[in-house]
Amino acid sequence: MTARRDLETFPNPQPERDYTIRMRIPEFTCLCPKTGQPDFATLHLEYVPDRDCVELKSLKLYIWSYRDEGAFHEKVTHAILNDLVAATQPRFMRLIGEFNVRGGIYTTVIAEHRAHGWTPPQPVTLP
């Protein structure tokens, strides 16, 4: 399989309902832009779809496409979020990049998108 930057989507099976899709992507790798050494991260993606959902195989190939690319943690997290938002146009999307230690420092980058006019439903508290 070849890494690609194309993100495929499929129609949301329940577009009339707000619901959350959560994905854990534990094998993200890119290169440190300063040293060229590999950086490893677990990506946590959660989103409330509108009309479209991201297709998993295309997401996997998209994530693989960063393996040989130099990228700062902050920039790559926002770039991935921007591409996912462009492909799916979600009501809400959050991407958390939890990067492994580099120079004795763990970095976590949290980026979010909220569609204009969308407000989250009230949480339900059960007794």
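Reply: First, the term pocket: on a 1 Å grid over the protein atoms alone, a pocket is an open set of points where a 1.4 Å probe fits, with protein on both sides within 12 Å along at least five of seven lines, and lining residues have an atom within 4 Å of a point. This is a predicted model, in which local features need pLDDT of at least 70 and side-chain atom pairs count only at pLDDT 80 or more, while totals for chains, interfaces and linings use all residues. Residues are numbered from 1 along each chain as its sequence is written, and side-chain values use heavy atoms, with hydrogens and water left out.

Me: Which residues line the largest pocket?

Reply: The lining consists of M23, R24, I25, P26, E27, L56, L59, K60, I63 and W64.

Me: And which elements supply at least two residues each?

Reply: β2 (21-31) and α1 (56-64) do. Helices (H or I, at least four residues) and strands (E, at least two) are DSSP runs, numbered from the N terminus.

Me: What order do the elements run in?

Reply: From the N terminus it is β-β-β-β-α-α-β-β, with two helices and six strands in the chain.

Me: Different topic. How much of the chain is buried?

Reply: Of the 127 residues, 38% are buried, meaning under 20% relative accessible area with a 1.4 Å probe, protein chains only.

Me: What does the C-alpha trace span?

Reply: About 45 × 35 × 25 Å along its principal axes.

Conventions:
Buried < 20%, exposed > 50% of the residue type's maximum accessible area, 1.4 Å probe, protein only.
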